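Grab your viewer and let's work through a few exercises on charged pairs and strands. Each one has a task, then a solution in steps.

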Amino acid sequence: MGIFDNLFKKDADVAESDEKQKFDVSSQSNDEQKLVSFVKGRVDEVRQSGNRVAHEAIWMTNIAYLLGYDSIRYDSTTRTFRPIAQGARYLRANRVHVNSILPTLQNRLARLTKSKPKYDVRPNSNDNDDKQAARLALQVLNQVWDQQNINRKRLDLMMWVQQCGHAYLKVCWDDQLGKPMIDPELNQVMGYEGDIRVDVCSPFELFVDPIAKTLDEAQWVVQAKVRKLDYFRARFGERGEAVKEEGAWLLSAQYEQRIQSINSQTPTSGNPQNIMKNAAIEMVLYERRSTKHPMGRMVTVANGILLEDKELPIGEIPFVKFDDIIIGGKFYSESVVTHLRPLADYKNKNLTMRAAWLTRTLTSKVLAAKGHGMAQESLNDQSGEVLEYNPVPNAAPPTPLQMPTIPQYAYNEDEKVTMEMLDISGINQPSRGQMPSATIPAVGMQLLVEQDETRIGVMTEAHEEAYARLGKHILEYAQKFYVLPRLLKIAGKGRAYDVKEFVGTDLKNNTDVFVIPGSTVPTSKTVKRQELMNAYNSGLLGDPADPKVRARVLSMMEYGDIAEAWTKQSLIDSQIERDMEMIKRGIDPGVNMYDDHARHFEVKNEYRISPDFDQLSDEAKALLLKNIEEHVEAQTEMTAPPEPTEEELQLQADELASSQQNLEEEAQAPEGLGVEGEIT
């Protein structure tokens with residue numbers, strides 16, 4: 001054996017030693033293995049309960065109906081879709097149906113997501129610092145809302161709510177987001193800044209404390225989600241490398257993946273083996289705060305491997321629950337689809353029977369005696385058709401049979417079922433853009449619109465509370481994890497922009513978020529604009545000729561981009577903001593004769609009487625007062641008549657002396673003579 005053979009053997013031994021030292025299931029301590037079993041036991045406790053199994057079957061059936069299927073149900077035992085009725089085969093052979101559930105849910109989705117929540121933050125005290133921090137918190141909340149595209153995610157959220165009766169929004173900190181942090185010496189990426197992430201979670205993902213009637217009562221929640229093995233390797237390092245592919249043992253995870261397999265051809269259940277290929281189920285246990293765990297607990301496991309065991313980042317379970325039809329004392333809210341399914345089946349059955357009727361009668365029927373011997377080829381669709389038959393003595397020739405028409409009550413029944421479906425869904429005539437009568441007065445129409453908004457308000461009021469909790473979680477994550485300076489980008493009205501840096505500690509625990517009541521109600525813009533115009537024309541909103549009042553009214557009318565109409569006004573306001581920033585730094589901004597002095601005085605005087613003025617230094621206060629006085633003097637000079645120059649004064653004196661001399665000469669002239677002694 002040569003020296004190279006010894007080197008190769010040594011390298012192989014090192015590689016084998018490193019392989020043995022890799023982390024695996026057996027490397028875990030007994031306490032870690034018990035914790036993994038404990039988390040899996042929590043999931044089994046929920047998923048094996050009859051309540052959960054029954055609701056999962058309902059959710060799968062609702063989704064199939066939403067995709068256009070009817071007269072079926074999901075069998076949780078065989079995990080397949082089965083027809084409700086075994087008989088009436090001719091109905092299935094001539095099946096014609098209309099998906100009435102899909103447009104109904106789209107209408108409700110549009111109403112539930114039409115108006116996004118309007119947030120506000122309450123300061124912790126009357127101190128100016130807390131008030132400034134509350135304003136900053138509101139701006140941070142709005143920026144995270146836009147960065148995370150929560151408006152788009154609300155569409156997925158509300159569809160899950162309607163399909164399954166409830167769904168969740170989850171707030172978490174993702175250390176894979178944000179800008180990369182590069183080591184300047186090595187020029188290598190050392191990680192990422194991280195950022196807040198908001199996810200939509202379906203009911204299939206979450207396993208909630210089975211005795212809880214609300215999410216606030218739940219002592220623990222487990223989120224189970226199918227993840228690719230690369231996900232574990234990227235996030236959990238050595239322990240993530242130890243996670244291996246596992247079988248599809250959790251039916252709830254299968255159901256969520258199988259929804260993608262349901263198509264327009266067949267409600268297939270999918271192949272579990274394909275779903276779990278190169279994947280495992282991540283289970284995260286969230287425990288509420290207790291004496292043993294004062295900040296709560298968050299345990300992450302996957303396929304027998306304990307990945308993380310730490311306290312809750314903000315001390316609260318990071319889920320927010322949204323409901324469709326709330327049932328008192330019931331955690332799983334009802335879905336509107338569940339109550340629309342029987343009517344959809346009945347409606348499609350009537351439609352199929354009418355279609356079968358038309359199929360039989362539109363081909364026409366001929367009444368003929370048995371002896372006529374008409375062949376199948378006697379009836380055809382060629383031009384100039386000839387009908388051949390064998391004449392029968394004492395029998396009438398073949399004659400067309402008068403076909404009966406479908407009775408009117410069959411169509412009336414269809415309209416009745418449609419109206420019942422709309423009534424269950426809370427969709428009235430104003431929601432569909434229909435007027436009950438052309439003679440209805442404007443006040444009566446407004447009452448109908450208000451009643452329509454009240455019906456949907458049962459859901460929106462509960463959702464507003466959930467959105468407020470979502471905003472609170474976002475600010476608490478921002479306060480804790482925004483350690484590095486972040487840019488706050490504000491695009492104000494009229495092209496007014498502001499970019500500044502902040503850190504999480506600038507919020508100063510001002511995370512008391514609330515949603516303005518009624519802000520998510522889908523109000524009528526037409527009625528709102530008319531009422532605003534009436535108030536504007538009557539002067540209730542201010543002087544109609546004031547540009548500031550006009551800009552505010554246009555903004556309230558929600559006319560989209562109106563920045564071009566107020567470009568000059570926005571430029572003036574931007575200049576005033578720059579002046580204020582200079583004054584706060586102790587710099588005199590000066591006054592230009594072409595400035596809008598009235599606007600400068602209005603804005604800066606409002607700042608003078610605000611609590612913010614007391615926070616300025618003595619030098620800044622003096623500069624502000626001086627600047628206000630200079631603008632007042634400039635405005636006075638512009639409105640007062642100008643001072644005459646010396647040349648203008650001399651010219652006026654000469655003209656006055658000349659006119660005085662003429663008057664004296666006229667007075668000294670003889671009567672009847674003019675100034676030059678002429679006879680007048």
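A salt bridge here is a side-chain nitrogen of Lys or Arg within 4 Å of a carboxyl oxygen of Asp or Glu. With that cut-off, the structure, which is a predicted model, holds 27 salt bridges.

**Exercise 1.** Work out which strands stand at the edges of the five-stranded open sheet.

*Solution.* Start with the order, β8-β9-β10-β11-β12, with antiparallel pairing. β8 (206–208) and β12 (305–310) each have a single partner strand, so one side of each lacks a neighbour in the sheet: these are the edges. From one strand to the next, the twist averages 15 degrees. Finally, look across the sheet: helix α2 (residues 30–47) lies over β8, β9, β10, β11 and β12, at about 90 degrees to β10.

**Exercise 2.** Follow Lys225: what stands opposite it in β10, and which side chain does it meet in a salt bridge?

*Solution.* First, β9 (residues 220–228) and β10 (residues 279–287) run antiparallel, joined by nine bridges. Across in β10, Glu282 stands opposite Lys225. The salt bridge, though, is with Glu205 (3.1 Å, N to O). Glu205 sits in the loop between β7 and β8, 20 residues from Lys225. Now the burial: buried means under 20% relative accessible area, so Glu205 at 2% is buried, while Lys225 at 25% is partly exposed.

**Exercise 3.** Decide whether Asp309 and Arg297 are buried or partly exposed.

*Solution.* Their side chains meet in a salt bridge at 3.1 Å, N to O. Asp309, at 39%, is partly exposed; Arg297, at 16%, is buried.

How values were computed:
Residues numbered from 1 in each chain as written. Predicted model: local features only at pLDDT ≥ 70, side-chain atom pairs only at ≥ 80, totals over all residues. Heavy atoms only, no water. Pairing = 2+ DSSP bridges. Helix = DSSP H or I, 4+ residues; strand = E, 2+ residues; numbered from the N terminus. Axes fitted to C-alpha atoms, helices over the stretch in contact; angles between N-to-C directions. Contact = heavy atoms within 4.5 Å. Buried < 20%, exposed > 50% of the residue type's maximum accessible area, 1.4 Å probe, protein only.
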